[in-house]
Amino acid sequence: MDLKGKKIAILATNGFEQSELEVPRERLKDAGATVEIVSLEAGEIKGWDKKDWGRPVKVDKTLDQASATDYDAIVLPGGQINPDLLRVEPKALKFIKDIFDAKKVVAAVCHAPWLLIETGIAKGRRMTSYKSIKTDVANAGAKWEDAQVVVDQGLITSRNPGDLEAFSAKIIEEVKEGRHTQRSAA
């Protein structure tokens with residue numbers, strides 16, 4: 001129970017990659033963290049499971065109810081649909097940026113680095129992502145690396161569902177370390 005007393009937000013909306021929300025959520029809960037699903041609207045959001053719509057997930061808080069001060073970290077699942085919908089939502093971008101600027105852990109997998117690009121967080125950072133957005137990440141000023149997990153002072157990125165165990169383990173490790181006070185703001 002390494003993360004007892006820690007609270008982690010998973011920011012997602014319809015079209016999140018099913019495993020990229022569920023695996024980190026379960027690993028973080030198993031480690032003792034309180035995990036809340038934060039979304040644009042109340043109710044449920046529906047995942048995308050490989051080639052079709054997946055299972056619904058209950059939303060714990062809307063962005064209007066959530067505050068960066070309430071969380072020790074944020075996890076951003078990918079899929080193509082989810083981060084594309086979120087990156088045009090100013091409240092979602094502000095929530096991510098506020099957590100980052102407070103020097104807390106920010107973790108993004110697959111296509112979710114689009115959100116790090118949109119917030120300006122990617123610039124100057126070491127990152128990875130799903131291979132199809134490698135050019136987007138590089139064009140945003142990040143140094144793209146082909147690795148399961150890349151960590152840059154509490155900013156954690158991974159490539160795809162095959163990396164989820166390593167991604168989840170690194171989130172647990174980084175949250176245990178606490179705030180990353182050496183990290184400069186984006």
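Two strands count as paired if DSSP finds at least two bridges between them. Strands themselves are DSSP runs of E with at least two residues, helices are runs of H or I with at least four residues, and both are numbered from the N terminus. With that in hand, Lys 46 stands opposite Pro 56 in strand 4.

Before going on, the source. This is a predicted model, so local features need pLDDT of at least 70 and side-chain atom pairs count only at pLDDT 80 or more, while totals for chains, interfaces and linings use all residues. Residues are numbered from 1 along each chain as its sequence is written, and side-chain values use heavy atoms, with hydrogens and water left out.

Back to the hairpin. Strand 3, residues 44–49, pairs with strand 4, residues 52–58, in the antiparallel sense, over five bridges. Two residues lie between these strands, and Lys 50 in the turn has a positive phi of about 65°. Lys 50 also forms a salt bridge with Asp 49, with the closest N and O atoms 3.5 Å apart; by salt bridge I mean a side-chain nitrogen of Lys or Arg within 4 Å of a carboxyl oxygen of Asp or Glu. For exposure, buried is under 20% relative accessible area, exposed is over 50%, and partly exposed is in between, with a 1.4 Å probe and protein chains only. Lys 50 is exposed at 66%, and Asp 49 is partly exposed at 25%.

What is the strand order in the open sheet of seven strands? The order is 5-2-1-6-7-11-10, and the pairing is mixed. Strand 5, residues 61–62, and strand 10 are the edge strands, each pairing on one side only. Strand 1 and strand 6 run parallel and are joined by three bridges. Ile 10 has Val 75 in strand 6 as its bridge partner.

On to the cores. A nonpolar core here is a set of buried Ala, Val, Leu, Ile, Met, Phe, Trp, Tyr and Cys residues joined through side-chain atoms within 4.5 Å. The largest has 30 residues, and those with the most contacts inside it include Leu 11, Ile 74 and Phe 95. Strand 1, strand 6, helix 3 (90–101), strand 7 and helix 4 each supply at least two residues of this core. The largest share, six residues, comes from helix 3. Apart from this core lies another, of 27 residues, with Leu 3, Ala 31, Val 57 and Ile 156 among them. As for Phe 95, its contacts, meaning heavy atoms within 4.5 Å, include Ala 9, Leu 11, Val 38 and Tyr 71, leaving aside neighbours within four places in sequence.

Next, helix 6, residues 164–177. This helix has 14 residues and reaches 20 Å from its first C-alpha to its last, close to the 20 Å expected at 1.5 Å a residue; the expected span is 1.5 Å times one less than the number of residues. Which residues of helix 6 are buried? They are Leu 164, Phe 167, Ser 168, Ile 171, Ile 172, Glu 174 and Val 175. The cover over them includes strand 1 (7–11), helix 1 (18–30), strand 6 (73–76), strand 7 (105–109), strand 10 and strand 11 (155–158). Gly 178 follows the helix with a positive phi, near 90°.

Glu 174 deserves a separate word. Glu 174 is buried yet has no salt bridge, and the nearest side chain of opposite charge, Lys 170, is 4.8 Å away. Lys and Arg count as positive and Asp and Glu as negative, with His and the chain ends not counted. Beyond four places in sequence, Glu 174 touches Val 105, Val 151, Gly 154, Ile 156 and His 180.

Cys 110 sits in the loop between strand 7 and helix 4 (113–119) and is buried, at 5%. Gln 153 is in the loop between strand 10 and strand 11 and is partly exposed, at 36%.

Last, the charges. The count comes to 19 salt bridges. One of them joins Glu 145 and Arg 126, at 2.7 Å from N to O. This pair links distant parts of the chain, 19 residues apart, with Glu 145 in the loop between strand 9 (143–144) and strand 10, and Arg 126 in strand 8 (residues 126–127). Glu 145 is buried at 17%, whereas Arg 126 is partly exposed at 36%. Finally, Lys 7, Glu 36, Lys 61 and Asp 70 are linked in a network of salt bridges.
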